[in-house]
Structure formats: structure tokens, C-alpha cells
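I opened the model to look up how its parts are arranged. My entries follow in the order in which I made them.

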There are 2 protein chains.
Amino acid sequence: MLEQPKRGRPRGYDVTDALEAATCVFWANGYDGAPIDVLCRAMNMPRASLYQRFGDKQRLFLAVVDYYAKTRLEPLAHSLGPSGPLKDDLEAFFGQVVALATHDPSTPGCLISSVLCDAAGTNPLFKAELDRRYTSLENGLAERLRQSDEVLGAPAEVLAVVLASVARGLTLRARSGAPADELRAVGRAAARAFH
Amino acid sequence: MLEQPKRGRPRGYDVTDALEAATCVFWANGYDGAPIDVLCRAMNMPRASLYQRFGDKQRLFLAVVDYYAKTRLEPLAHSLGPSGPLKDDLEAFFGQVVALATHDPSTPGCLISSVLCDAAGTNPLFKAELDRRYTSLENGLAERLRQSDEVLGAPAEVLAVVLASVARGLTLRARSGAPADELRAVGRAAARAFH
DNA sequence: ATATTTTCGAAACAGTTGGTTCAAAAAGGT
DNA sequence: ACCTTTTTGAACCAACTGTTTCGAAAATAT
């Protein structure tokens, strides 16, 4: 799993640390607002090494999105359970969403729903990636809905997009500076409203 | 109301047309992704005139956000009625949201929830503006909820943020390329699930 | 005509952008 | 010791960034 080069000058940076740092820079500043120069410093990674490893800024960003999905979104989807009544699991899920979007004030909201989404306006590659990430979360929600024995007022796939929309809307509101406890109350109300 | 200069060389551009064009450029490309050069061409407005009229890029963008709110968001809030049962008004509202976010494929989603929201990550001025715009829509929704005689399961201010979150989530999904009819179905389901 | 007022066009500004190049450095393998 | 492999730093690149400046242009008022 871990790549272990036997020869050559040893790498002066840590790959995971670098991705984590790049994630925060993009998250805070946006895609166009994050110059390579700044990324290099934050990642503790020389320019040449960055380009050798990631190719260009686009692919670095896509790697960051992937890292973000693995470290932030997968645990979040896992919080859906099932580990109790649907309403409780949804409440826990929204709670985690709010926590993610408000935890660090310097990286408010969601990297995907704010940064990738903005960049998807003109870049078809980013647009496709955004669609994939969105679909992925909706699939997880739909699966959880189907595992419930409650009667749903609409097809699970449709209701899943409703719930995903609430979650994304919460992260947008977090980026505007809304306090976490207010957003948690909104999440609770949403979990209750959508059975 | 209309400014009518009596003397001097006549202006070669139309002020409203210019704002409309700038709106589309920012909407599609994002704040950092829209160079002054491109804006000038689209607005049919010389650089010097742009800087004389708007000061700098930040203030131009804020003027664009204001124009967008007046031309796109106010009509949208107006569609809330009340002109029927709450459920029907909400369905109409979500329908208008989807229409706005999908009407022109070259400007997908919402200028505020994608472009301004991304730019609000580091710019405190933009963050404050985003908060104002978000609060404004939520106030409108809360007022509509209070005018309903139905029993709500939570305070109107909280439910208003839930509904606003759904609306914003819909615009994000539109920016990822989701077809309008799918999003309309999601809007209907949200309005129905919402008692 | 002349003066006045406003807009325009183009050039110039310094700083930054994403990206490439390449030789030196630093390690292991033989 | 010498070769091989990988990483690194620094210089370099052309293109672009937001912004300022200023004289010419084009209209009205006198």
C-alpha cells in the first residue's frame, strides 16, 4: 500500500500531510483563488515536486477532492447507519454535516458544494466530478431510506435528493457564517419534517 | 430616476445591459475566473468607464449581486404568494428556483449560492453580503409560513431555513448538470413532505 | 467659435499567474 | 568508489492580473 522508493534523494514532505494542507487552501480560497505558490508553501512541497507528482493544478485539485471525499464525506455517509430509527439517523447525519461545515472557521462550508461547484461553472471536467460526488451521496441516502420500514411519501431516489439538498444547503449557510447551534436546530427540524 | 447627463460625450453602452452581461460572466466563470478584460468586452464597456463607474472589481461584483437579487430573486420570492395553500405555493416557489437554475445552461445554478458563496470563503465583505442575501430569503419564507393557518412542527424561522436550504441545494444540483424535470420532481416531493 | 463636460481608447504599470527546465543534491545499490 | 535513481531549488518563461493615467473624442451650453 505505502509506496517505498528504495533509491534516490528522500522526499522532504509527507504525501498525506501535503494533501491535507492543499485541501484547506482550496477550501478556504477557492480554485482560482489558490495560487500554486501558496499551495506549495502550505504543502511544504517544492514546485517541481508538485508538478512531477500531480501533473498540473487541475489534477492536483481533483486529487484533493478525492482526498476530501475519503476523509470527510465517507465518515459522514457512514453516520447514516442504520443504527436506529430513520429520524434519529437523519438527525445524526445532519449533525455531522453541520459539524464538518462549521468546525474550522477558516474552512467554512463544504469544499465540494462551494469550491468545486463554483469551478464547475465552466470546466466540464469539474462538472462531471461534481455530478459524480453528488450522485454518490444521494445513492447512500436512498439506500438508507429503502432500509427503513417506514412508509415514504415519495420514491426513495427522489427523497434522497431532497435530503441531500438540505445537507448542501446547510453547508452553504455555514459558509455565510451562521452559528453551528442554529444550523443544528435546522437539521433537527429537517429530520423531523422529512420522516 | 433615469440619469440624464446634459453635456459631454454620450455613453456608448447601456447601464442595465452592462450589468446583465456582467451578471452572466460572473455567474458562469466565478469571481476570480472573470477577468476585467472579459467583463469589459461582454459589457460593451471600456475599461476606463468601468473603473470610473464601479470603482473596482469588488464593487462591480457587489453591484452585479444587487442587480441579480432585484431581477432574479425578488420575482422568485414573490412567487410564494400567498396565492393558495401553503403546499401549492411552495411547489410553485421550488419550480421557479429550478427554472432559474436550469434556464440557461451557460449560467447553471445560482450566482449567489455558487459564485458569491465560493468567494465568501476569504473575503469578509462578500461573506457579510452573502449572509444578508440568505437572511433576506429566509425572512420572506418565514413570513409566508406564518401567514399559513396550518400547524407547523417547528418555529417558522427554523422551518424557513430548512426550505431555503432545499432551494439552495436544488441550485447546486442544477450546476452539476441535473436535468430540470428531475429537480422539479424533487421540489414537488419537498413541498409535499413538508405537511 | 469657444468653453465645458463627459466618455473613450490605448498605453503603461508592477505584480502575479500556471508551467517548464536543469543541474545539483542526496540517498541506495553495486 | 562509482553508478543509478529520485527529489529539490532556483531560475526562467510568456501570458495575464487589476488598476491608473491621460490626451483625444464627442456631445451640449454660451
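**Terms first.** I sort residues into classes as follows: Ala, Val, Leu, Ile, Met, Phe, Trp, Tyr, Cys and Pro count as nonpolar, Asp, Glu, Lys and Arg as charged, and the others, Gly among them, as polar. I call a residue near a strand or molecule if its C-beta atom, placed from the backbone, lies within 6 Å of it.

I note that this is a predicted model, in which local features need pLDDT of at least 70 and side-chain atom pairs count only at pLDDT 80 or more, while totals for chains, interfaces and linings use all residues. Residues are numbered from 1 along each chain as its sequence is written, and chains are lettered from A and ligands numbered from 1 in the order in which they are written.

**Chain A.** I looked up the secondary structure of chain A and found 9 helices and 0 strands. Helices (H or I, at least four residues) and strands (E, at least two) are DSSP runs, numbered from the N terminus. Along the sequence the pattern of chain A reads α-α-α-α-α-α-α-α-α. Taken along the principal axes, the C-alpha atoms of chain A fill a box of roughly 60 × 35 × 30 Å.

**DNA strand D.** I found 25 residues around DNA strand D, the closest being A:Gly8, A:Arg9, A:Gly12, A:Ala48 and B:Pro35. Two or more residues each come from helix 3 of chain A and from helix 2 (36–43) and helix 3 of chain B. Helix 3 of chain A gives the largest share, 4 residues.

**DNA strand C.** Here I found 24 surrounding residues, with A:Pro35, B:Gly8, B:Arg9, B:Gly12 and B:Ala48 the closest. Helix 2 (36–43) and helix 3 (47–54) of chain A, and helix 3 (47–54) of chain B, each supply at least two residues of the surface near DNA strand C. The classes on that surface are 9 nonpolar, 4 polar and 11 charged.

**Chain B against chain A.** How many residues of chain B are in contact with chain A? I found 43 residues of chain B in contact with 43 of chain A, where contact means that the C-beta atoms, placed from the backbone, lie within 7 Å. Helix 1 (15–29), helix 6 (111–119), helix 7 (124–146), helix 8 (156–175) and helix 9 (180–193) of chain B each give two or more residues to this side. Helix 8 of chain B provides the largest share, 13 residues. The side of chain B that touches chain A divides into 23 nonpolar, 12 polar and 8 charged residues.

**Symmetry.** Chain B superposes on chain A by a rotation of 180° with 0.0 Å of shift along the axis, at RMSD 0.2 Å. The same surface serves both copies, as 100% of the contact residues of chain B recur in chain A.

**A helix pair in chain B.** The axes of helix 1 of chain B and helix 4 (residues 57–78) of chain B come within 9 Å and cross at roughly 100°. Axes are lines fitted to C-alpha atoms, for helices over the stretch in contact, and angles run from 0 to 180 degrees between N-to-C directions. Helix 1 of chain B is therefore roughly perpendicular to helix 4 of chain B; angles under 35 degrees count as roughly parallel, over 145 as roughly antiparallel, 65 to 115 as roughly perpendicular and the rest as oblique. I listed the contact residues, including B:Leu19 and B:Phe26 of helix 1 of chain B and B:Tyr67 of helix 4 of chain B.

Conventions: Contact = placed C-beta atoms within 7 Å. Least-squares fit on C-alpha atoms with pLDDT ≥ 70 in both.
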